[in-house]
Amino acid sequence: MAALGKVFGSIAKCAGTPEALPLGELARKRLRGRGRCPQRRTFAESGAANAVFRHDPSRENGIPERPQTLRYAEIIKFFPLNMARAQAEAILNRPLKKHKRSTHMLASIFSLNVLQTALELGCIYALVALALFLSYSILNIADLSTDGCFTLGCAVACQVALTGHPILALVAAMAAGVCSGFVTAFLQTRLGVESIMAGIIVNTGLYTINLAVMGFSSTMSLVKTDTVFSLAKGSLSFLGGWYKLAIALAMILLAGAAMLGFLGTRLGLSIRATGDNAAMVRASSINPAFTITVGLCVSGALCALSGGLLAQY
């Protein structure tokens with residue numbers, strides 16, 4: 001650094017500036033010395049001479065013998081220590097924060113409101129499970145018309161509920177489900193269509209029928225319309241917000257008890273025997289076509305009842 005200062009000092013002396021001059025004095029010097037030494041004049045105009053002579057090595061924080069060492073090391077120790085402490089705290093707190101976040105997420109998922117809604121919808125969809133149990137497990141028939149039958153129950157229940165008869169809407173939905181099951185059984189027993197294909201045909205045809213029932217509209221609104229749940233809200237006010245669960249639970253209990261009692265009758269035993277061995281039932285002078293038709297009608301009624309309850313939910 002000292003050698004660099006000597007070099008610039010000799011250049012400045014050659015330029016005629018024995019000491020550091022302000023920029024204005026350098027400009028006046030340039031005007032007086034126009035025409036002589038253009039290189040020296042350019043150096044004087046650039047301000048480099050002022051920078052050289054204004055340099056004060058004592059103001060630097062570095063030690064010339066050890067440039068990597070600073071005289072005032074306590075200045076730079078403060079921030080790295082704080083940064084290291086912050087990083088250590090972040091590392092220590094990261095699992096805790098993640099645990100708190102996951103706990104908050106679980107608390108939002110498994111809240112009382114979510115649990116109540118899950119129980120209500122579970123009881124409503126349990127009717128569909130009963131319908132599938134009757135067709136798949138007891139009759140041993142792959143009934144694929146469940147999707148369309150469920151929507152048919154929703155559409156019929158909405159239309160009847162809009163007229164002001166929410167309880168009659170459930171009965172109408174069950175009647176529509178019986179018709180859907182009858183058509184599926186007719187295709188199987190009378191026309192010889194396979195059970196899977198018969199379910200696909202009925203399910204596809206119910207798309208148009210459901211739209212026709214809804215007035216060829218994609219949506220229907222039951223806002224400000226009396227439903228089964230709104231009618232029971234006043235009589236079940238002592239249950240608070242759990243009245244919907246009470247109604248859904250009562251419906252699934254009634255349906256389960258009715259189905260259990262039906263399967264214990266002579267006709268119910270015939271339906272169970274048809275699913276086990278149709279040839280034996282035929283040999284016992286029991287018409288398997290009739291038992292299949294009755295079983296699919298009951299299955300369709302339960303499925304449509306579930307759709308009707310969900311439409312008024």
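The sulfur of Cys158 lies 6.6 Å from the closest cysteine sulfur, in Cys154, which is too far for a bond. The model is predicted: local features need pLDDT of at least 70 and side-chain atom pairs count only at pLDDT 80 or more, while totals for chains, interfaces and linings use all residues. Residues are numbered from 1 along each chain as its sequence is written, and side-chain values use heavy atoms, leaving out hydrogens and water.

**Cysteines**
- A search of the whole structure finds zero disulfides (pairs of cysteine sulfur atoms within 2.5 Å).
- Cys158 is buried, its relative accessible area being 10% (buried means under 20%, exposed over 50%, partly exposed in between, with a 1.4 Å probe and protein chains only).
- For Cys179, the closest cysteine sulfur is in Cys297, 8.1 Å away and too far for a bond.

**Helix α9**
- Helix α9 covers residues 195-213 and reaches 26 Å from first to last C-alpha, close to the 27 Å expected (1.5 Å times one less than the number of residues); helices are DSSP runs of H or I, at least four residues, numbered from the N terminus.
- At Tyr207, α9 bends by about 30 degrees (the angle between axes fitted to the seven residues ending there and the seven starting there).
- The buried residues of α9 include Ala198, Val202 and Leu206, and their cover includes α7 and α8.
- Gly215, with a positive phi near 75 degrees, follows α9.

**Helix α11**
- The 21 residues of α11 (243-263) should span 30 Å, which agrees with end C-alpha atoms 30 Å apart.
- Among the buried residues of α11 are Tyr243, Ile252 and Leu263.
- The cover over the buried residues of α11 includes α6, α10, α12 and α14.

Note on methods:
Helices (H or I, at least four residues) and strands (E, at least two) are DSSP runs, numbered from the N terminus. Contact means heavy atoms within 4.5 Å.
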